[in-house]
Amino acid sequence: MDDDSVLTTLKILIIGESDVGKSSLLLRFTDDVFDPGLAATIGVDFKVKTVSVDGNKAKLAIWDTAGSERFRTLTPSYYRGAQGAILVYDVTNRQSFMKLDQWLYELETYSTRTNIVKMLVGNKIDKENRAVSREEGMKYARKHSMLFIEASAKTCDGVQCAFEELVEKILQTPGLWESENPQGFSLTDLGNKSEGTCTGYCTLI
């Protein structure tokens, strides 16, 4: 895609406990690949992808952060300037869901934007041994004013939708991205929100 036609560049973070599938979600979204043997992220991984949402192209700089404590000494600096954050838990691992409070606190502590858009993703819905219900995930997302979706990096279910809904919400949030874009686009250029193909998965808060 031609950079001249890109509306904005957005910084997106993916955070959550180790082994919830953050890197797998990112790899599925950017490269449409699933690698069951993917190694744990050390420090931070980084990928770029351009998406088109409601006719507007946005370049996403997506930061995949390590969930393991021993790799987290540099993490606070990566929160700076982010317009969106995807918080991931594993629907088969209740502990990863219980730790979301900790990740939210960290996000709110280090984020430099008070209106950062947050998306909660319950990953690994392809597995049968579910430990966290969809209703619990939705309730948590509502409580903390987050978008919500369940997904599977393995089957691709909900992955594209998660990123596109997040970008759409960012573009609809006044003051979150325009100041860094000298082209002078206004929110009226974005058009009306379309229902898209995500209504079966996404809950807009």
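**Exercise 1. Which residues of α1 are buried?**

Solution. First, the ground rules. This is a predicted model: local features need pLDDT of at least 70, side-chain atom pairs count only at pLDDT 80 or more, and totals for chains, interfaces and linings use all residues. Residues are numbered from 1 along each chain as its sequence is written, and side-chain values use heavy atoms, with hydrogens and water left out.

Step 1. Buried means under 20% relative accessible area, with a 1.4 Å probe and protein chains only. Helices (H or I, at least four residues) and strands (E, at least two) are DSSP runs, numbered from the N terminus.

Step 2. List the residues. Lys-22, Ser-23, Ser-24, Leu-25, Leu-26, Leu-27, Arg-28, Phe-29 and Thr-30 are the buried residues of α1.

Step 3. Conclude. Because 9 of the 10 residues of α1 are buried, the helix is largely enclosed by the rest of the structure.

**Exercise 2. Find the angle at which α1 and α6 pack, and the residues that meet.**

Solution. 

Step 1. Take the axes, which are lines fitted to C-alpha atoms, for helices over the stretch in contact; angles run from 0 to 180 degrees between N-to-C directions. The axes of α1 and α6 lie 9 Å apart, at an angle of about 85 degrees.

Step 2. Classify. The two helices are therefore roughly perpendicular (65 to 115 degrees).

Step 3. Name the contacts (heavy atoms within 4.5 Å). Leu-25, Arg-28 and Phe-29 of α1 meet Val-159, Gln-160 and Phe-163 of α6.

**Exercise 3. Describe the rings around Phe-29.**

Solution. 

Step 1. Count. The structure holds 4 aromatic pairs. Rings of Phe, Tyr and Trp (its six-membered ring) pair if their centres lie within 6.5 Å; stacked planes are under 30 degrees apart.

Step 2. Phe-29 and Phe-163 are stacked, 3.9 Å centre to centre with 5 degrees between the planes. Phe-29 belongs to α1 (residues 22-31) and Phe-163 to α6 (residues 159-171), so the pair ties together parts 134 residues apart in sequence. Both Phe-29 and Phe-163 are buried.

Step 3. The charged end of Lys-49 sits over the ring of Phe-29, 5.3 Å from its centre. The criterion is NZ of Lys or CZ of Arg within 6 Å of the ring centre and within 35 degrees of the ring normal.

**Exercise 4. How many bridges join β1 to β3?**

Solution. 

Step 1. Strand β1 (residues 6-16) and β3 run parallel, joined by 8 bridges; pairing takes at least two DSSP bridges.

Terms used:
Rings of Phe, Tyr and Trp (its six-membered ring) pair if their centres lie within 6.5 Å; planes under 30 degrees apart count as stacked, over 60 as edge-to-face and the rest as tilted. Buried means under 20% relative accessible area, exposed over 50%, partly exposed in between (1.4 Å probe, protein chains only). Angles under 35 degrees count as roughly parallel, over 145 as roughly antiparallel, 65 to 115 as roughly perpendicular and the rest as oblique.
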